[in-house]
Amino acid sequence: MPSASSHIHAAIAAANGAIPFSEFMSLALYGEDGFYSSTGRAGRRGDFITSPEVGPLFGTVLARYIDHVWNSLGSHHNFTIVEVGAGPGTLARSILAAAPQCLVNGTYVAVEISASQRASHPDGITSTDAMPESIEYGVIIANELLDNLPFELWVYDDGWREAYITSSGEGFNEVLMNKPVPSFLPSRAPLGSRASMQTAAGKWLADASRTLKNGNIVAIDYCTALTAEVASMPWREWLRTYASHERGVHYLRNVGDQDITTQVLIDQLSSVREPDAIRTQSQFLQLWGIDELVEEGKRSWEAAASAPSLAAMKMRSRIAESEALLDPTGLGNFTVLEWVQ
Ligand SMILES: C[S@@+](CC[C@H](N)C(=O)[O-])C[C@H]1O[C@@H](n2cnc3c(N)ncnc32)[C@H](O)[C@@H]1O
């Protein structure tokens, strides 16, 4: 039966025996029968919980932020919110429900590479697999996209070498190739150290910067400041796999049945374009009024406590949602990178 593994074995054979790790990751996640092409997704019934999947509060705060950007640009009619890596459309639903002013005459574009996830996108938005060519006024948002873009894998083996993947019977093996060493890598590292070179993430930022003429690009993710930091960490701390809400197995195993992600490296993105702001998710959400929204939720709940309605219960759930979104050991410690056009 065809599987992500069989497609990858075919790609390796077509490449005369070895493909770069980045191609392996691309096929394992987004190729035919790959993780995201089949069942993999964010959500309680999916494989991992992201901030939009905690509840609607995250989208409500983002809607406030987006309206601020829209106002500061002169409240144009042709404003576009582009969400890239939109998954099943949960953030889109929350932002639409928050009814930001910018969408009265504006457009919401959800860009998602996986057709099975696009099928879950809500009505009232443009659902597509590719970025618009050009946006005059808008925001581009990517929540937990960059960690999922295929990266090159480097291994320190008495010198830095790039990991390529070969077939080994039914499974896969790694071979190390001598290539020009990227300058982000420290000159020396403990034997067996690993680090990712995030060429696709850098290209995404460069493309987004060209596409958006006026507005903000916002990437929210688990980040590490320097490539040298991940090079000195045990690699399983930064190169992680996930399936069914659990950490997965080695990335060369269970291919197509688990997610593969990396810490996003800020020094590499900054070499493409220096961010205009770097904040923790906690700082960003507090800046854009999460505490006020929680207080409003508490007041609505107390006013309706004797005869609670569904709306009142949603307002009460803001309290628990904010705790998860601001958790300094979890989502609150994610990084929000902003680039202003
Ligand atoms: C970790 S999930 C995050 C989903 C959603 N943003 C959230 O926060 O719940 C990453 C998503 O990015 C999508 N993706 C990966 N590469 C993409 C690309 N080049 N263009 C659009 N979507 C992409 C994946 O299919 C997946 O749905």
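**View 1. Strand β12 sits largely enclosed by the rest of the structure, because 4 of its 5 residues (239-243) are buried.** Buried here means under 20% relative accessible area, with exposed over 50% and partly exposed in between (1.4 Å probe, protein chains only). Strands are DSSP runs of E of at least two residues, and helices are runs of H or I of at least four, numbered from the N terminus. A quick note on what you're looking at: this is a predicted model, where local features need pLDDT of at least 70 and side-chain atom pairs count only at pLDDT 80 or more, while totals for chains, interfaces and linings use all residues. Residues are numbered from 1 along each chain as its sequence is written, and side-chain values use heavy atoms, with hydrogens and water left out.

**View 2. An open sheet of 3 strands runs in the order β13-β12-β14, with antiparallel pairing.** Strands β13 and β14 are at the edges with a single partner strand each, so one side of each has no neighbour in the sheet. Two strands count as paired if DSSP finds at least two bridges between them. On one flank, β12 is joined to β14 (residues 259-262) by 4 bridges, and R240 stands opposite T261. On the other, 2 bridges link β12 to β13 (residues 246-247), with A243 opposite E246. Look at the turn, too: β12 and β13 make a hairpin with 2 residues between them, and S244 in that turn has a positive phi of about 45 degrees.

**View 3. Helix α4 (residues 57-72) packs against helix α11 (residues 290-304) at about 125 degrees, with the axes 10 Å apart.** That angle makes α4 oblique to α11; under 35 degrees counts as roughly parallel, over 145 as roughly antiparallel, 65 to 115 as roughly perpendicular and the rest as oblique. Axes are lines fitted to C-alpha atoms, for helices over the stretch in contact, and angles run from 0 to 180 degrees between N-to-C directions. From α4 come L57, T60, V61 and R64, and from α11 come I290, E292, L293 and V294. Contact means heavy atoms within 4.5 Å.

**View 4. Zoom in on T60, found in helix α4.** T60 is buried, with a relative accessible area of 16%. Leaving aside neighbours within four places in sequence, T60 touches A98, L293 and R318.

View 5. Just after α5, A99 takes a positive phi of about 50 degrees.

View 6

**View 7. Strands β10 (residues 212-221) and β17 (residues 335-340) run antiparallel, joined by 6 bridges.** A219 has L337 in β17 as its bridge partner.
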